[in-house]
Structures are given as C-alpha cells and as structure tokens.
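Subject: The structure we talked about

Hello,

Please open it beside the text as you read.

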Amino acid sequence: MGFPGEKDEDFQELIEFAKIIRFDNLGVFKYPKEEGSAAALMKDQIPEEVKAIREKELMKLQKEISADINSEKVNKIYDVLIEYENEDFYIGRTQGMTPDIDGVVLIDKDKTLSIGEIVKIKTIEALEYDLIGVVCDESSK
C-alpha cells in the first residue's frame, strides 16, 4: 500500500474488501520509493507516516479476522505434519499452512512424536495466527 496517488478512499475500499473477503492470511508491504523505478518519479508520493498508519490499520483488521477464522477451527481434527519441536511444544502444519508464512499448530508434548510424522491433532485453542492442539485418539473425537 502507498503507491503514488493512492487516496484515502482507495485505502478505505481496500479495508472494506478485506472485511468482505476475510482472507485466512494476509501480508502487506509499504510500497517503497525505489530509486530508478517509474513509480519513484510519479507525483503524489505517499508519506511514510501515512503508509505506516495504513499498514497498522489493515494488519489490525487482519489479526481480528484471522483470530475469528481460527476460533472456528477449535475442536476439529486435522492431519498435521510435525516439523520441529521446542522446549514446550511440537510444531507442525496442516495441509493449508505455508511454511514460514502462515501460522502453525502447537502440539502438547504429552506423547512422543517424530519430526516428519503426520499425526491427527484435535485443536483445543485458537490464537490469532496459530492453533494449539493435542494428539487425537479415539476417545477425543
């Protein structure tokens, strides 16, 4: 956002579009005034402060949307690829989660899992971008 000539009305149209579409995940960047580019020579450059305000507003909205979408995933079962672990959790992804971009599934370490294993996980909590889950057994379905 922040392409030269972008008006407040244009940005508000983007906000309304994001509210309607409800992206699962959304990333934004502030359009840079890159030396040598045609856009750098255009009139009506958007001040960096305005770009920062717009970025913050859009990402605040997306955080709320993402949290709402994730809350709909609680108590559901997913196949999760275990990618790594830290001190507290195994960390994995469902089929729809892109590495290094989207959220992850944090899995309790109450059972021993292996990196690279695909495990059925029941989600028990939703965070803004991530899910928390437990290994699913027949009694938790």
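A word on burial before anything else: a residue is called buried under 20% relative accessible area, exposed over 50%, and partly exposed in between, using a 1.4 Å probe and protein chains only. This is a predicted model, in which local features need pLDDT of at least 70 and side-chain atom pairs count only at pLDDT 80 or more, while totals for chains, interfaces and linings use all residues. Residues are numbered from 1 along each chain as its sequence is written, and side-chain values use heavy atoms, leaving out hydrogens and water.

Let me start with one residue. Serine 66 lies in helix α2, which covers residues 48-71. It counts as buried because its relative accessibility is 3%. Setting aside neighbours within four places in sequence, serine 66 is in contact (heavy atoms within 4.5 Å) with Asp24, Glu128 and Tyr129. Glutamate 16 is 50 residues away from serine 66 along the chain, and their C-alpha atoms are separated by 16 Å.

Now the overall fold. The protein has two helices and five strands, in the order α-α-β-β-β-β-β along the sequence. These are DSSP runs numbered from the N terminus: H or I of at least four residues for helices, E of at least two for strands. The C-alpha trace spans about 65 × 30 × 20 Å along its principal axes. The radius of gyration is 20 Å, whereas a compact globule of 141 residues would have one near 14 Å; the radius is taken over C-alpha atoms, and the globule rule is 2.2 Å times the number of residues to the power 0.38. Of the 141 residues, 32% count as buried. Among contacts between residues at least 6 apart in sequence, 61% join residues at least 24 apart.

Where are the nonpolar cores? By a core I mean a set of buried Ala, Val, Leu, Ile, Met, Phe, Trp, Tyr and Cys residues joined through side-chain atoms within 4.5 Å. The largest has eleven residues, among them Val80, Ile82, Tyr90, Leu113, Val119 and Val135. Strands β1 (77-85), β3 (105-108), β4 (118-126) and β5 (131-135) each give two or more residues to this core. A second, separate core has eight residues, including Met1, Ala18, Leu61 and Ile69.

Best wishes
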